[in-house]
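Colleague: Put the model up, please. I have a list of things to go through.

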Amino acid sequence: MSPCLSVVMPVYNEAATVMQVLHRVLATPYTREVIVVDDASTDGTADILRTVDDARVRVLSQPRNFGKGAALRRGFDAVTSPFVLIQDADLEYDPEEYGTLLGPLLDGRADVVYGSRFYVSEARRVLYFWHSLGNRALTTVSNAFTNLNLSDMETCYKAFRREVIESIDLREDRFGIEPEFTAKIARGGWRVYEVGIGYSGRTYEEGKKIGWRDGVRAMYCVVRYSPVAQRLKERLYAVPRLDPSGAAEIDEELGVTLDALEGAPRYADWIIEQMAPHVSGRILEIGAGLGTMTGRLAGLGKVVASEPSVGLAARLRERYSDSADVEVICADAVEAAGHGPFDAAVAVNVLEHIDDDVGALRALRSCLRPGGTVALWVPAYEALFSDFDRRVGHHRRYRLSTLAARIDEAGLELVDARYVHGPGAVAWFLYATMRGGTPTASPLTRLYDRAAIPVIRRKEARWPARFGQSVLCVARRPDAVDMP
């Protein structure tokens with residue numbers, strides 16, 4: 001049997017077991033490569049992984065702890081073998097089971113194989129009743145929504161053809177990736193098999209991490225990613241390919257939005273306040289629009305304000321014609337990069353409008369001096385995507401983990417990333433996503449800016465938001481020689 005398997009192993013604080021598991025994985029005749037993704041461990045796991053000397057092992061490091069789902073997504077992007085399998089870095093699952101899991105794949109019967117902990121004919125460790133009951137309840141509800149008859153949806157051991165994972169857009173950062181994966185497998189019509197496996201569960205004292213909150217989130221994900229919910233979401237919020245008339249509609253809506261945001265000075269001040277520690281010197285501003293941020297950035301250094309719209313660029317030149325600290329150019333992100341080098345680049349509510357966001361980030365990296373920074377402010381959470389997002393030309397909204405992955409792909413190093421404006425996320429969901437309202441309507445914007453932003457600003461300065469309407473991200477170009 002020639003090696004045919006890529007094993008993706010997410011790792012977080014598993015110093016006691018990771019090398020033992022890795023040796024077991026490499027000992028199987030099926031393993032061709034192991035993609036280990038260290039999810040910002042703090043117990044010495046990263047140091048242990050640096051000692052691995054095997055050409056089959058590739059170690060990737062997350063810039064911060066995003067969760068198992070985010071680690072798996074990053075690992076999936078790196079696999080090259082015909083078949084892929086998920087392996088936890090503890091001793092609960094035995095790599096000697098790989099042959100059993102791969103059987104239905106190798107003989108062509110299956111596209112996906114689940115290893116069920118409940119189909120066992122051998123000794124198994126007896127542990128928590130409520131965990132077992134919770135797993136069975138989640139599996140039952142998942143089956144009701146997907147019309148599959150699995151016995152163990154939450155199992156770690158899932159093996160599949162590489163084409164399967166390449167066809168699925170996974171989004172969950174933590175343990176919610178299990179029901180999400182299952183729902184999207186069902187929706188894709190892939191052939192699913194299940195085989196019995198052994199299971200040596202561990203206690204919380206031994207390092208078990210999943211908790212009741214993850215169970216609640218998993219139940220939410222069962223419903224959210226069900227085929228019915230996805231069809232409804234696509235009908236309501238799909239982003240169509242726009243013809244020229246659609247593009248004109250976006251330009252008009254975006255112009256109204258830019259005018260409205262001019263009337264939110266406290267919000268603009270707050271954005272620049274958070275970027276200021278990382279931005280100075282010669283600064284490139286991408287998508288300057290009406291110049292709402294331009295004047296504020298000019299207080300931090302010399303600004304080259306780029307704007308691809310000819311009309312808006314003309315208005316910018318008129319507005320800052322008397323400023324020695326502002327130079328206006330009519331250019332998109334790639335074209336503006338040719339005016340470097342810069343000490344910093346800033347994009348406020350711009351990256352989500354760019355189809356090739358990684359290409360734009362690479363262009364910004366190329367125009368920065370070594371050690372230079374990119375400061376980004378982008379809309380958060382796909383679940384908040386609304387008809388308003390579509391009307392103003394948003395291609396996407398971002399999670400911390402997805403933005404961090406794009407930063408890494410562009411050859412930049414993450415310095416800081418966090419959610420901002422927590423109450424705004426709730427307001428956006430209720431008013432824009434659910435009601436279909438226009439959140440930047442001028443009277444509403446001015447009222448919110450005057451009454452709410454000062455309070456939120458003070459609160460989040462002391463207690464950073466755990467979720468938010470936007471993501472603030474700062475990255476730097478490495479000091480080393482630029483990537484090709």
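Backbone, cavity and salt bridges

Colleague: Where does P341 sit?
Modeller: P341 is in the loop that runs between α14 (333-337) and β11 (342-348). Keep in mind that this is a predicted model.

Colleague: And is the peptide bond from G340 to P341 cis or trans?
Modeller: The bond from G340 to P341 is cis, with omega near 5 degrees. For background, most peptide bonds are trans, and most residues other than glycine have a negative phi.

Colleague: Which residue has a phi near 60 degrees without being a glycine?
Modeller: That is A40, whose phi is positive. A40 belongs to the loop between β2 (31-38) and α2 (45-49). H421 also has a positive phi, about 70 degrees, and is not a glycine.

Colleague: Where is H421, then?
Modeller: H421 is in the loop joining β13 (413-420) to α18.

Colleague: Is H421 buried or exposed?
Modeller: H421 counts as buried because its relative accessibility is 3%.

Colleague: α18 again. Where is M434 placed?
Modeller: M434 is in helix α18, which covers residues 422-434. M434 counts as exposed because its relative accessibility is 54%.

Colleague: What residues make the nonpolar surface patch of about 480 Å²?
Modeller: M434 is one of them, and the others are V426, F429, L430 and F467.

Colleague: Switching to the inside. How many cavities of 30 Å³ or more are there?
Modeller: The count is one. The largest cavity has a volume of about 40 Å³.

Colleague: What lines the largest cavity?
Modeller: Its lining is L72, F76, I86, K158, L170, I177, E178 and F181. By type, six are nonpolar, none is polar and two are charged.

Colleague: Which helix gives the most to that lining?
Modeller: α7 does, with three residues. α3 (68-78) and α7 (177-188) each supply at least two.

Colleague: E178 is on the lining list. What does E178 form a salt bridge with?
Modeller: With K68, where the closest N and O atoms are 3.4 Å apart. K68 is in helix α3 and E178 in helix α7, so the pair ties together parts 110 residues apart in sequence. K68 and E178 are both buried.

Colleague: How many salt bridges does a search of the whole structure find?
Modeller: It finds 31.

Colleague: What about D152, which partner does D152 have?
Modeller: D152 forms a salt bridge with R117, with the closest N and O atoms 2.7 Å apart. This pair links distant parts of the chain, 35 residues apart: D152 is in the loop between α5 (129-146) and β6 (158-161), and R117 is in the loop between β5 (112-116) and α5.

Colleague: Are those two ends buried or exposed?
Modeller: D152 counts as buried because its relative accessibility is 0%. R117 is buried too, with a relative accessible area of 9%.

Colleague: And which residue does R266 meet?
Modeller: The side chain of R266 meets that of D449 in a salt bridge, 3.4 Å from N to O. R266 counts as partly exposed at 34% relative accessibility, whereas D449 counts as buried at 1%.

Colleague: Last one. Which residues do salt bridges with shared partners join into one network?
Modeller: R73, E172, D173, R224, E382 and R399.

Methods. Residues numbered from 1 in each chain as written. Predicted model: local features only at pLDDT ≥ 70, side-chain atom pairs only at ≥ 80, totals over all residues. Heavy atoms only, no water. Patch = residues over 30% accessible without salt bridge, like charges linked within 9 Å, V, L, I, M, F, W, Y side chains within 5 Å. Areas by Shrake-Rupley, 256 points an atom, 1.4 Å probe, with all protein chains shown as cover. Salt bridge = Lys/Arg side-chain N within 4 Å of Asp/Glu carboxyl O. Helix = DSSP H or I, 4+ residues; strand = E, 2+ residues; numbered from the N terminus. Buried < 20%, exposed > 50% of the residue type's maximum accessible area, 1.4 Å probe, protein only. 1 Å grid on protein atoms, 1.4 Å probe; cavity = no way out; pocket = protein on both sides within 12 Å on 5 of 7 lines; lining within 4 Å. Points joined across faces, edges and corners; volume = space filled by probe spheres on them. Nonpolar A, V, L, I, M, F, W, Y, C, P; charged D, E, K, R; others polar.
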